[in-house]
Amino acid sequence: MLPFILRRFLSAIPTLFAVVTLSFLLMRLAPGGPFDLERPLDAAVMANLRRIYQLDRPLHEQYLTYLAALLRGDFGPSYFFRDFTIAELFKQGLPVSMRLGASALVVALAIGAPLGVLGALRRNSAADHAVMGLATVGITIPGFVVAPVLQIVFGLMLAWLPVGGWNGGGTRNTILPIVTLALPQLAVIARMTRAAMIETLRADHIRTLHAQGLSGATVALHALRAAALPIVSHLGPTAAALLTGSVVVETIFGIPGIGRYFVDGALNRDYTLVMGTVVVVALFVLVFNLAVDLLHALLDPRIRLG
Amino acid sequence: MTDAAALLPLPAPGRSLWQDARGRLACNRAAVASLVVLALIALACLIGPLLTGHPYDKVYPDYVRLPAGIASHPRAEAVPAAVARIAARIRATAGDVIIENGVARVTLTSPRPIDPRLLVYFERSDQFGVARIVESGDDGRRLVVEAPLKPMRFLFGTDGNGRDLLTRTLMAGRMSLSIGLLATAVALVIGVAYGATAGYLGGRIDMVMMRAVDVLYALPFIFIAILLVVFLGRNVVLVFLAVGAVEWLDMARIVRGQTLSIKRRDYVLAAEALGVPTRGILTRHIIPNTLGPVIVQVTLLVPKVILLESFLSFLGLGVQEPMTSWGALISDGARAIEAAPWLLAVPAGFLVTTLFALNFLGDGLRDALDPTEH
C-alpha cells in the first residue's frame with residue numbers, strides 16, 4: 001500500500017510544477033500590471049514600485065525567485081491588498097471557505113446518497129421520479145438564483161436567518177451559504193448514486209446474494225460498496241472545488257473566504273495572489289485525487305493488487 | 001464495401017443501433033416532451049424578438065420597472081400625471097384630462113403665451129403621439145391640445161432601464177443557446193480529436209497527452225476564463241473560446257476510454273492489416289464508434305456551458321451591454337429581486353426550462369443508446 005501512495009504522490013509533483021509554470025507565464029504575459037491605475041502613476045514612482053517588487057528584473061529571474069520562495073513556503077506579499085502577505089490572506093480566508101465547503105459536502109453526501117439509493121431500489125416508482133425530478137432541479141438552477149431566493153424567503157419574508165455576513169462564523173450565518181453550496185452537489189450525488197446502484201444491482205454477484213436468500217437491506221449494502229466507486233471519483237474534484245470557496249456564494253452572502261481572490265487577483269493583476277490561489281487550488285485537487293485513488297484501492301481489491 | 005453489399009443477396013434488413021435508439025427515444029415521453037420544449041424555445045428566441053414590437057435595446061424612460069401584465073400602457077389613471085409632467089416642461093399648467101378613443105384632450109394654461117413648438121415634448125415622451133392644437137385662446141395663453149395615446153404592451157414588464165423584458169429575454173436566449181452550441185462544438189471537435197488520437201496511439205504519447213489534460217484539470221476554469229478576458233478583451237467570441245477550451249477535457253477522457261476498448265476490435269486490426277493510414281482508421285473506424293457516449297455528453301455539456309456562460313456574466317466578464325444573455329439578465333434580476341422579482345423570475349424560468357429539457361433529453365439519449373438497457 002505504501003509504495004502505491006508514494007508513487008502517486010511523486011507523480012503529482014511534476015503536475016504541480018507544470019501548473020505553477022503555466023499560470024506564472026500566462027499571468028505575466030497578460031497585458032497590464034498590478035500598479036496600473038485609471039490615472040497613470042508618475043514614471044519615477046512606477047519605476048520605484050517596480051524595483052521594490054522586483055518587477056524590473058528579467059522574467060526568468062523573477063520566475064526562479066518566485067519558485068525558490070514557494071519552495072520555502074513563502075507566497076510573497078499581495079500587490080492589491082497592501083499590508084497583507086498572501087499567507088496572511090489565506091490564513092484568514094481558507095478556514096472560512098473550508099468550513100463552508102466541508103459542511104456543504106457532508107450535507108450533500110448525507111442527503112444525496114440515500115436519495116439516490118432509494119431511487120435505484122424503487123426504480124420507476126413515484127418516489128424515484130420525485131427524486132430524479134428534484135435532482136434535475138438542483139442541477140439546473142444556478143447558485144446565483146438559489147442564493148437571492150433563499151435570502152428573500154428565509155432572510156426577509158420569514159426573518160429566520162440573517163441575509164448575509166459572516167459574524168465571526170455564527171452558525172445561523174452559515175446555514176444559507178451551506179444550503180446554496182450543497183444543493184447542486186446533492187443533486188449530482190443523488191443522480192450518480194442512482195445510476196451506479198442500478199448498474200451494480202444487475203451484476204452477477206448481487207444476483208448470487210439474492211439467490212442465497214439475503215435480506216434486501218444486506219444486498220443493498222453490498223451493492224453500495226461497488227456503486228461507491230464512481231461516486232468517490234466524483235467526490236475528489238468536487239471536494240477540492242467546494243473547500244476552496246465559491247465566488248458566487250461568497251459574493252452574494254458577503255463571506256470573507258478565498259473564493260473571491262481569483263477574480264480580484266486576476267482582474268487587478270495581483271500576481272502573487274493569483275499564483276497563491278492557483279497553488280492552493282492545485283494542491284487541493286492533487287491531494288483529493290490522491291485520496292480518491294486510496295479510497296478506490298480500499299474499496300476495490302482489483303485496483304490495489306493490479 | 002458497397003460493391004460487396006450489392007453482389008450478395010441481402011437478408012432481412014437489420015436494424016442499426018441508431019434506428020433502435022430512435023425507436024426507444026420516441027417511446028420515452030419525457031425525452032420527446034423535452035425535444036418539443038427545446039424546439040419551441042429555440043423558435044421563440046429565433047423569431048420572437050421580431051414579433052414583440054420592441055427592439056431589445058430600446059429604452060423607454062417613462063416605463064421603468066413595469067411589472068409583468070397584459071394591460072396596455074399608458075394606463076388611463078397614469079395619463080394625467082404624464083400630462084402634468086409634460087406641461088411642466090412646457091411651463092404651463094394642465095387642466096383636467098379627458099381620454100376618448102385613445103386620444104387625450106387637455107387644456108394648458110400659462111401666464112405667458114405658450115410656444116406651440118414646445119408641444120413636441122408630447123411626442124418625445126413614450127406615452128403620446130404627435131400633439132395637435134384644437135383651440136387657442138387668451139392670445140395663446142390657453143391651448144386645448146389633443147394628443148393620441150401610444151398604446152404599448154409589456155407582457156413580462158420592463159427592466160431597470162425601461163427595456164421590454166420579453167424581447168430581452170428572447171434575445172438573451174439567442175445568445176445563450178448559440179454560446180451553448182458553439183462552445184460545445186469547440187469542445188466536441190477538440191475533445192474527440194485529442195481523445196481519439198491519444199487513445200489510439202497509446203503508449204508514451206498517450207501518457208504525455210493525458211498528463212497535459214491532468215495539468216489543465218488542475219487549473220481552475222475561472223482562472224483560464226479571466227485570463228482570456230484579459231488577453232482578448234470582453235467579447236462574446238471569447239466566451240465561446242474560454243468555455244469550449246475548458247470543457248473539452250471531459251470529452252477527451254471519455255473518447256480516449258472508448259478508443260482504448262475499440263482499438264483492439266477485429267475490424268480495427270483488419271484495417272491496420274490492410275494498410276489503412278492512422279488518420280483513416282481514426283476517422284473511419286474509431287471516432288464513429290465512440291459517438292454514442294459522445295452524443296450523451298454533448299446534451300449534458302450544452303446546459304453546463306450555458307450555466308458557465310451565465311456564471312461569467314454574473315461576474316461581469318461575459319456578454320456586454322446592450323447585448324445580453326440569460327445569465328446577464330439573471331444577475332441583474334438577482335440584484336433587484338426585492339423591488340422587481342419578475343426581473344429574476346422570467347429569465348430564470350427560461351433558463352431553467354431549457355436546462356431541464358436538455359438534461360431529460362440527455363438522460364433519454366443515454367438510455368436509448370445503451371444496448372444493455374433492453
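**Figure 1. Contact between helices α6 and α13 of chain B in the predicted model.** In this predicted model, the residues of α6(B) that take part are B:R168, B:T169, B:A172, B:G173 and B:S176. They meet B:W326, B:G327, B:A328 and B:L329 of α13(B). Sorted by class, this contact holds 4 nonpolar, 4 polar and 1 charged residues. Helix α6 of chain B covers residues 165-201, and helix α13 of chain B covers residues 326-335. Their axes come within 7 Å and cross at roughly 135°. The two helices are therefore oblique to each other.

**Figure 2. The open sheet of chain B.** Four strands of chain B make up this sheet, in the order β2-β3-β5-β4, and their pairing is antiparallel. Which strands stand at the edges? They are β2 and β4 of chain B, each of which has a single partner strand, so one side of each is left without a neighbour in the sheet. On average, neighbouring strands of the sheet are turned by 15° against each other, direction ignored. Helix α4 of chain B, residues 79-90, packs on the sheet and touches β2 and β3 of chain B. The direction of this helix makes about 140° with that of β2(B). As a general point, strands of a sheet pair through backbone hydrogen bonds, either parallel or antiparallel.

**Figure 3. The hairpin of β2 and β3 in chain B.** Strand β2 of chain B spans residues 93-100 and strand β3 of chain B spans residues 103-109. The two strands run antiparallel and are joined by 6 bridges. B:T93 has B:T109 in β3(B) as its bridge partner, while B:I99 is partnered by B:A104 in β3(B). Between the strands lie 2 residues. In this turn, B:N101 has a positive phi of about 50°.

**Figure 4. The hairpin of β4 and β5 in chain B.** Strand β4 of chain B, residues 132-137, pairs in the antiparallel sense with strand β5 of chain B, residues 142-148, over 5 bridges. How many of the 6 residues of β4(B) are buried? The number is 0, so β4(B) lies largely in the open.

**Figure 5. The contact between chain A and chain B.** Chain A gives 28 residues to the contact, and chain B gives 28 residues. On the side of chain A, the elements that give two or more residues are α1 (2-29), α5 (126-140), α6 (143-157), α10 (247-253), α11 (259-267) and α12 (271-299) of chain A. Helix α1(A) gives the most, with 6 residues. By class, the residues on this side of chain A divide into 24 nonpolar, 4 polar and no charged.

Figure 6. Taken along the principal axes, the C-alpha atoms of chain B fill a box of roughly 105 × 50 × 35 Å. Of the 374 residues in chain B, 42% are buried. Among contacts in chain B between residues at least 6 apart in sequence, 68% join residues at least 24 apart.

Conventions: Residues numbered from 1 in each chain as written. Chains lettered and ligands numbered in written order. Predicted model: local features only at pLDDT ≥ 70, side-chain atom pairs only at ≥ 80, totals over all residues. Axes fitted to C-alpha atoms, helices over the stretch in contact; angles between N-to-C directions. Parallel < 35°, antiparallel > 145°, perpendicular 65-115°, else oblique. Contact = placed C-beta atoms within 7 Å. Nonpolar A, V, L, I, M, F, W, Y, C, P; charged D, E, K, R; others polar. Pairing = 2+ DSSP bridges. Buried ≥ 20, exposed ≤ 12 C-beta atoms within 10 Å, placed from the backbone.
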